[in-house]
Amino acid sequence: MHAEPHTRLHWREFWPWLLAVLALAALVSALGPILMPFVVGAIFAYLGDPLVDALERRRLSRTWGVSLVFLLITLSLGLLILLIAPMLQQQATTLAQNIPEGLRWLQDVGLAKLGIQLPDNLRLDSNYLRDWLSSHWKEARGAAGLVAESGLKVMATIANIALIPVVSFYLLRDWDNLIAWFDTVTPPRHRPLVRRLASECDEVLGSFVRGQGLVMLALALYYALALWAAGLKLALLVALIAGLLSFVPYLGFAIGFATAMIAMLVQSPELWPLLWVVAIFAFGQVLEGNVLTPLLVGDKIGVHPVAVIFAIMAGGQLFGFTGVL
């Protein structure tokens, strides 16, 4: 008998928050192109806050703690780049050199095995592509305009990336003050519930993000070593793709496997190297699902993989790269 008045009261209190969420979603959609450095900066600040808090407990000031954390991160990334960049450059050069051979293999072998026959006047090689561009100069100039426009977008992306360290530093320095401010603007009667939910979200999300990061790193290392042992020249490039995309269930496996198979087919169209690639990715999937994810992540969020895939795709469709994050 008393359920109906309680329900009306509940919705009367809830609808302002619903309107606020809808307004925030509209704002994110409108400001999506410029939000990326702020979202990424907030993620880095959130991940770095526990370490800075630990330094504060050792009587180091907040600013000095943030500076020390940034110095450690910068040195680690710099060392990683110095180690990986030369190998990536070499593999990218190898990839560029193999493109003509790959096109020839695709036309003479790959498409033939699939039963696809190209017209006699169509050739997938550099000479044909150069002649085609010469005969379609107007279209090529239009494409050049698109390339120029894309170049401006690339420059804007670089500028956004350069903002990330600045945003991360200031957010990390004032993180505790921001949390305290959110607490003060919460209505007093809702503060116990909001604090409890925020604490649970912080525990689950922090554990999930740190564990998933370790899974991505472990998978990238495994694929790099295994594919290198199998003789794949682009092992590091494929491993980075498979590892970085593994945060989306099955996406890293699918794209990494397809890329490795194509690269190995172009490099050596024999059967045994392809079987090695199949075995490596099959074992990698077993390793991820039965060892790495249960050990490092566990059941932190309890969300079905299909729901995760849908959420990421929906976020990207609604809000672009910021929505994916």
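Buried means under 20% relative accessible area, exposed means over 50%, and partly exposed is what falls in between (1.4 Å probe, protein chains only).

Figure 1. The chain has 10 helices and 0 strands, and its pattern along the sequence reads α-α-α-α-α-α-α-α-α-α. Helices (H or I, at least four residues) and strands (E, at least two) are DSSP runs, numbered from the N terminus. Contact, a word you'll meet in every panel below, means heavy atoms within 4.5 Å. Take the contacts in the chain with a separation of 6 or more: residues 24 or more positions apart account for 68% of them. As this is a predicted model, local features need pLDDT of at least 70 and side-chain atom pairs count only at pLDDT 80 or more, while totals for chains, interfaces and linings use all residues. Residues are numbered from 1 along each chain as its sequence is written, and side-chain values use heavy atoms, with hydrogens and water left out.

**Figure 2. Around D53 and R62.** D53 sits in helix α1, which covers residues 3-57. D53 is buried, with a relative accessible area of 19%. Skip its neighbours within four places in sequence, and D53 is in contact with R62 and D176. R62 lies in helix α2 and is buried too, with a relative accessible area of 11%. What does R62 touch, not counting residues up to four places away in sequence? Its partners are D49, V52, D53, E56, L172, R173, W175 and D176.

**Figure 3. R59 in the loop.** Look between α1 and α2 (62-113) and you'll find R59 in the loop there. Is R59 buried or exposed? R59 is exposed, with a relative accessible area of 82%. R59 also has a positive phi of about 70°, although it is not a glycine.

**Figure 4. Helix α7 and its buried face.** Helix α7 spans residues 235-244, and its buried residues are A235, L236, V238, A239, A242 and G243. Down the axis of α7, these buried residues fall within an arc of 160°, so they line one face of the helix. The arc here is that of the directions from the helix axis to the C-beta atoms.

**Figure 5. Helix α6 meets helix α7.** The axes of α6 and α7 come within 8 Å and cross at roughly 155°. That makes α6 roughly antiparallel to α7. Axes are lines fitted to C-alpha atoms, for helices over the stretch in contact, and angles run from 0 to 180 degrees between N-to-C directions. Angles under 35 degrees count as roughly parallel, over 145 as roughly antiparallel, 65 to 115 as roughly perpendicular, and the rest as oblique. α6 passes α7 in a right-handed crossing; a crossing is right-handed if the near helix is turned clockwise from the far one by less than a right angle, and left-handed if anticlockwise. On the α6 side you'll see M216, A220, Y223, A224, L227 and W228, and they meet A235, L236, V238, A239, A242, G243 and L244 in α7. By class, this contact has 12 nonpolar, 1 polar and no charged residues. Ala, Val, Leu, Ile, Met, Phe, Trp, Tyr, Cys and Pro count as nonpolar, Asp, Glu, Lys and Arg as charged, and the others, Gly among them, as polar.

Figure 6. The axes of α7 and α8 come within 7 Å and cross at roughly 165°. That makes α7 roughly antiparallel to α8. Their crossing is right-handed. V238, I241 and A242 of α7 make the contact with G252, I255, G256, T259 and A260 of α8. Sorted by class, the residues are 5 nonpolar, 3 polar and no charged. Now zoom in on G252, found in helix α8 (residues 251-267). G252 is buried, with a relative accessible area of 1%. Leaving aside neighbours within four places in sequence, G252 is in contact with A242, L245, S246 and F257.

**Figure 7. Helix α6 packs with helix α9.** Helix α6 (residues 191-229) and helix α9 (residues 271-297) pack at an angle of about 155°, with their axes 10 Å apart. That makes α6 roughly antiparallel to α9. The crossing of this pair is right-handed. Among the contact residues are F208, Y222 and Y223 of α6 and F281, F283 and E288 of α9. The residues of this contact divide into 16 nonpolar, 5 polar and 1 charged.
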